[in-house]
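Try each one before reading the answer.

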Amino acid sequence: MAASLKGSSMSWFRDQINVANSFHLWKAFNFFEVSEVHIPEGPSIFTADVSCVCTGSDNLFLGTTDGFIHILSQTFKVIRSFKAYDTGSITHMKQIASTSYLVTLSEDLSNDPVLKVWALNEADKKTGDPRCCSTKSVHNKKRQFPVSAFVVLDDLWQVAVGFANGSVTLLRGDLIHDRGAEQRTVFESEEPITGLEAKRGATTTLFIATTGRILALIISGKGDGQPARTLEDLGCGVGCMSFDRDTGDILVGREDAIYTYRTNGRGPSFAFDSPKTSIDIFKDYVALVCPPRVPLAKSDALRKFGGSQVDELFNTSTFTLLEPDLKFVAHSESISSKVKNIFQEWGNLFLVTVDGKVYRYREKTLQQKLEILYQRNLYILAINLAQKAGVDTLQQNIIFRKYGDYLYQKGDYDTAMQQYLRAIDNTEPSQVIRKFLDTQRIHNLIEYLEELHDHETATADHTTLLLNCYAKLKDTTKLDSFIRAPGELKFDLDTAIAMCRQGGYFEQATYLATKHGENDMVVDILIEDSKNYSEALQFIWSLEPSLAYPNLMKYARVLLEHCPQPTTKIFIDYYMGKYQPRRKKEAEVIKDERSQTSGGLQNLASLIPLPYLNASRSGNAKSSISEPQVANEVEEPLVYDIPKPRTAFSSFVDHPQEFIIFLEALIEKPELKEDDRTDLYTTLFEMYLDTASRKKDPSEKQEWESKAKQLIKGKDIPVSTSNVLLLSDLSGFQEGTTLVREQQALRSDILRSYISAKDTPGVIKALRKYGPEEPQLYIDALAYFASSPKTLEEAGDELNTVLKRIDRDGLMSPLQVIQTLSNSAVVTMGMIKKYLSDNIERDRKEISNNRRLIASYTTETEAKRQEISELGAKPTVFQARRCSSCGGNLDLPTVHFLCKHSFHQRCLNTVDADLECPLCGPQNATIRAIRERQVKAADQHELFQAELQRSGDRFGLISEFFGRGVMKPGNLE
């Protein structure tokens, strides 16, 4: 007996193992908390008298075999009971969602089933029970078969009842108000009806399940009245058909699998090999009650073991909750008692066993379920579960990150990185970056850093690290792809440019700076890093004036060193106010003036996205500069603030030739301000002299000095006299000093400068040029010629010329000449013999002439005195016969004057005591006026002293003033 029991037990366990193996590919979890419900009324309320259960309106409805309906609250307390039928058992109930209507169906095998509709919110006036809205007997052509399926549409307009004999009766009409509802048999079959479900839409379809077929029948809408259409020639058992309201699918449970059906046929299915007695839909789960596969016969040994215990053991069913979409078992347990009812309300699933016990199945929270999955490292399922639950992206990212950590620990770095990338939005980047800093995982690190930039969450440090990774791998392709990515900038620009420059990727740095308008940085890279001076100058020339100027000034010396001619040209254009950005296609090649190797830099102009930077170049060709061939289109001149010319002077240090070109161009600019004009001329004059001083060839030196001299010739020269003198003296430019002194009429200074320089030819030249205008120079020259034998020898015959000029102009007396020449023992008497003899002979002649004049003046004076004396002492005889005025013969009255002139009285205008001869009067008036002036001048001592200072012949001047009476004793103070 023991062996028989053992064998039977082992057979039963093998059956259970087979059931488990039917879904061995599905992972099983415990996602539900199971608890037994405490029934306040006691378990007797769920005893064998309860024939059906339904839920709705937050209540539980129990139908009994004796026709009663009990309404229970959430606490399972009976809140209302009423007698619904006098006879028969209530086998089916349906509470219409969102309404207060309850549909019940009672049957006994002696009469047709009775359908009633109850208004739970209304009370019957007589009994106080809920009001019965309508009562209908369901006909089955007078065939007494039990009702096996029942379905009510939500609008209470149609009710379908299936019978065990294979017929389906459809009630249609206003069942609420009991108005003309009709019924008819819409389907008949030899197979019992095992399930009915209705799906509403454009048409209302009734799904019919029999033991051998699944059919679809249109009961409302287009196609109504057509025969039922077979969807599949396989049926199901009673209770194994359910309707999924979320998807609109019909679920059918068979022993091998669970199938889905739609109006157009069978849908997807999933295998679950086990007998099934019930299938229900709870949220996303399919609830199954699975009995043992094969009932075991009771042997004698089992009977001896104990009949009741054996029944309990072999009647054990399995209750399973499946998640068909994610393919896992959410809950599975063995139920020792037979399952009587399953219902769902208040967000939970409830199971009622035949012994009256009620079990509540409460789904665990999503976080609890995820923790279970984490413990089993089922992160993919956790992700799918979270996504299906509709959690936000941030919560999903936590799962991705946990999954990534798990894969990282396993060494699956590539897959781990994929998870980190999916969780990038709310993951601290440093947590991931630290994991992949190893060189062997640098590709994963690059992938993560790139994604950070794509999400625009990268910091400057991330950009630095990514560019360092590219540099480590020398992956120029990825670097180019990164910095040239279209769309908005996804990284810190300054950091990217700095890292490219640091790593030697000057092309990429130039591209970034140019693309994002960092003009100053473009110039910095081209000059400081790439050493591509011609490209830098070309780029500067393409900018607007306000942008070009600071860059030009910053690198002026470097550009002048390597590209002197075009740099000078842009300086001239800018300071002349003619600057124009080169936006036209120009055939201009600006190359460095010293040969450079191309290195890693290849034609940076191609990286600069400017339409006007299109210069032809050859890799190792010598630099050549040609004038731009600009299109004939005339551009409007730009208006900008022209800086003062002196701001550019310091840029040309060590570049004198270019500086001279710049200055020469600017002095031609019209409307120069006075201070700018002075700066330009003064600086250009200095540069001419500086250039001349550095020339070794006399002809070249003379050429530059001629330019300097030409610059300061003429009137109104902007260069100040002091500057010309200073610069000329510092440069040893004698002609400059001379020219200034000429312009300032400082001829004596010119001569003195030659004398101080011992420049005898210069003295002679200056003497011949300025001597006629300033005779005093001959006196200075005479002293210079007599200063040394060498000077006297160099002067030659010029000494005699000077002596003649001094003698002719009376610049010096012979005594003064002798005193001057006697200061040195250079000039001999023989050299001035002729000069002295000529002077002595001239003096003798002058003395003789003076003596004759003295004798003449003495004789004349004595004669005048005698005449005056006679006029005062002797009578005067007038013998004139004609009038001195009209020439007519004199007649009385006549007027005679002592001057021997006689006039008719009538010819004189007036006759008084002061009358004066009309003919001699003007001469006498002149003499009197002269005398008056002399008398007045006698008191003007300042005038005498001033004339004495200016006079070259002071002795003659004193004699003249003696003659005027200045020195008379009466005038002396």
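Predicted model: local features only at pLDDT ≥ 70, side-chain atom pairs only at ≥ 80, totals over all residues.

Q: Which kind of peptide bond joins L892 and P893, cis or trans?
A: Most peptide bonds are trans. Here, omega is about -10°. The bond that joins L892 and P893 is cis.

Q: What is the phi of L156, which is not a glycine?
A: L156 lies in the loop between β11 (147-152) and β12 (158-163). Most residues other than glycine have a negative phi. L156 has a positive phi, and its value is about 55°.

Q: Does L156, at 2% relative accessibility, count as buried or exposed?
A: Buried means under 20% relative accessible area. L156 has 2% relative accessibility. So L156 counts as buried.

Q: How exposed is K327, with a relative accessible area of 39%?
A: K327 lies in the loop between β25 (317-323) and β26 (328-335). K327 has a positive phi of about 60° and is not a glycine. Buried means under 20% and exposed over 50%, with partly exposed in between. At 39%, K327 is therefore partly exposed.

Q: How do helix α4 and helix α5 run, roughly parallel or roughly antiparallel?
A: α4 covers residues 366-375 and α5 covers residues 379-389. They pack with their axes 8 Å apart, at an angle of about 165°. Angles over 145 degrees count as roughly antiparallel. That makes α4 and α5 roughly antiparallel.

Q: How many residues of the contact of α4 with α5 are charged?
A: From α4, the residues that meet α5 are L366, K369, L370, L373 and Y374. From α5, they are Y379, L381, A382, L385 and A389. Nine residues of this contact are nonpolar and none is polar, while the number of charged ones is one.

Q: Is K369 buried or exposed?
A: K369 is found in helix α4. K369 touches F31, Y285, E363, K364 and L385, leaving out residues up to four places away in sequence. Its relative accessibility is 6%, so K369 counts as buried.

Q: Which handedness has the crossing of α26 and α28, left or right?
A: α26 (residues 776-785) and α28 (residues 798-809) have axes that come within 10 Å. These axes cross at roughly 145°. The crossing of α26 past α28 is left-handed.

Q: Which residue in β8 stands opposite H92?
A: β7 and strand β8 (residues 101-108) run antiparallel. Six bridges join them. Opposite H92 stands L105.

Q: How many residues of strand β17 are buried?
A: Strand β16 (residues 204-210) is joined to β17 by a hairpin through three residues. Three bridges join β17 to strand β18 (residues 229-232). β17 (residues 214-220) has seven residues and is largely enclosed by the rest of the structure, because the number buried is five.

Q: Which residue in β17 is the bridge partner of T204?
A: β16 and β17 run antiparallel. Six bridges join them. The partner of T204 is S220.

Technical notes:
Residues numbered from 1 in each chain as written. Heavy atoms only, no water. Axes fitted to C-alpha atoms, helices over the stretch in contact; angles between N-to-C directions. Helix = DSSP H or I, 4+ residues; strand = E, 2+ residues; numbered from the N terminus. Parallel < 35°, antiparallel > 145°, perpendicular 65-115°, else oblique. Contact = heavy atoms within 4.5 Å. Nonpolar A, V, L, I, M, F, W, Y, C, P; charged D, E, K, R; others polar. Pairing = 2+ DSSP bridges. Buried < 20%, exposed > 50% of the residue type's maximum accessible area, 1.4 Å probe, protein only. Left-handed = near helix turned anticlockwise from the far one by under 90°.
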